[in-house]
Amino acid sequence: MEASEEDEEENEAFLEWLMARTGREVPLQELEERYEVLEELGSGTYGRVVLAEPRDGGSPVVLKLMAKEHTDRRTFLREYCIGRCLSSHEACVRALPVAFESATHFAFAQELAPAGDLCDLPSSPQEGLAEVLVKRCASQVAAALDFMHSRALVHRDVKLDNVLLFDSECRRVKLGDFGLARLQGWPVRAAAGALPYAAPELCALRGADTLELDPSLDVWAFAVLLFCLCTGCFPWAAALATDPQFEGFSAWQGGRAVPPSWRPFGAGAREMFRRLLALDPDRRSPAVEVHKYLALPWVAGRGSEGAGAERGPRHALSGGLFCTTRAVTSCLTTTPGRSGKRASKQKHSSSEGRKADFLVSYNQNFCKIWHHLGMTLILRQELWKKWVKVSRVRGKFPPGQISALVGGGSSL
Ligand SMILES: Nc1ncnc2c1ncn2[C@@H]1O[C@H](COP(=O)(O)OP(=O)(O)OP(=O)(O)O)[C@@H](O)[C@H]1O
Ligand SMILES: [Mg+2]
């Protein structure tokens, strides 16, 4: 047996042992007996993430509550144990040594990220974050991924919602949500994770085919996240040959002209993206590669000094697909409940009820389309306006039906 296979088996055995041991110590208690729930931070079919104050004093903590109806015990224990294992790293959200189960839920505590997640940062349509903020995120998320990967763990769900903020200037950000994390070598099936972030080798999986889980999948998603932060758009809807934006990118990787959506980037950043987004996963650089590029300008004409206030030019990304990141990451998840989570968070924090209702129904309807018909939609959405434009539709869906599902105000 090869050394790496032995390592994989050892890692698996250790995680199993940790889960079994932890599982024996999880007490039975009702949430309300021990905590007062102060605020909901996120919700969905998996359960809820809440800010809660211990009734016996002490600082509020974040509780991830997973409905037993939708979560088996092993899933809960795996996420909690992985979270605990990663807690020693400064760029991984700290899971606290508090876990319990009630009649209806499993729960574990985490430190609070007071500034929310990367979707909460103000970002105008077709405009990314200030470069200095992007670079701070890049450096810290890369460090978190490097730490995970050095422990043979693959996150599998690197996306804006899962990067948590401790301040709005991104001086301290952490990678969170280890719910999909698995050990390297684990057999991955199609459609894991959010689609625009999925690497081409994952998008190419069909039916019961599997792929050996590899850190290079996280690196791909990380590079997509960086593109989103720099531009306010996703580079493509899916890394498939049928996606014109992805096709343009592949051609560029093969020596053709730089596609329009990549032209705003300087030479250094282009090189960085080409290495992180190598089509061949064996040639993909590790995430920490970004550190080599931090001193170079990334987006042409955009300064790298100063914080928050500085923004880049409004470069019109003709190839850009998504005008905002928050709505689209939620819309493009493959599980209706998860999308509902973001929608309900949106509703929770928005002062304009009608706008929030629109987003809720939009997200739900989109998921219906996505989930049941598996078609590819490329959406153009301006978050703060009440319209949705489906700019490109592939598949057998008649336009009238899409219009009906997406709801009033949409146009094709
Ligand atoms: N420790 C925390 N501090 C502040 N907010 C948090 C924290 N943990 C989670 N959240 C908020 O709750 C949301 C959902 O949490 P989390 O990602 O852990 O749940 P999930 O259902 O597993 O998510 P996903 O849909 O990405 O799989 C996050 O996107 C974030 O906005
Ligand atoms: Mg999440």
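Analyst: Two residues are in contact if their C-beta atoms, placed from the backbone, lie within 7 Å. In this predicted model, local features need pLDDT of at least 70, side-chain atom pairs count only at pLDDT 80 or more, and totals for chains, interfaces and linings use all residues. Residues are numbered from 1 along each chain as its sequence is written, while chains are lettered from A and ligands numbered from 1 in the order in which they are written.

User: Which residues is phenylalanine 222 in contact with, leaving aside its neighbours within four places in sequence?

Analyst: Phenylalanine 222 is in contact with Val141, Ala142, Leu145, Val158, Leu276 and Ala287.

User: Why does threonine 231 count as buried?

Analyst: A residue is buried if 20 or more other C-beta atoms lie within 10 Å of its own, exposed if 12 or fewer, and partly exposed in between. Threonine 231 has 27 C-beta neighbours inside 10 Å, and therefore counts as buried. Buried residues make up 43% of the 412 residues in the protein.

User: How should I read the pLDDT, and what is its mean in the protein?

Analyst: The pLDDT is the predictor's confidence in each residue, from 0 to 100. Its mean here is 77, and 70% of the residues reach 70 or more. Over residues 304-412, however, the pLDDT is below 50, although this stretch has 194 contacts in the model beyond near neighbours in sequence.

User: How far apart are threonine 231 and glutamate 131 in sequence and in space?

Analyst: They are 100 residues apart in sequence and 9.9 Å apart in space, C-alpha to C-alpha.
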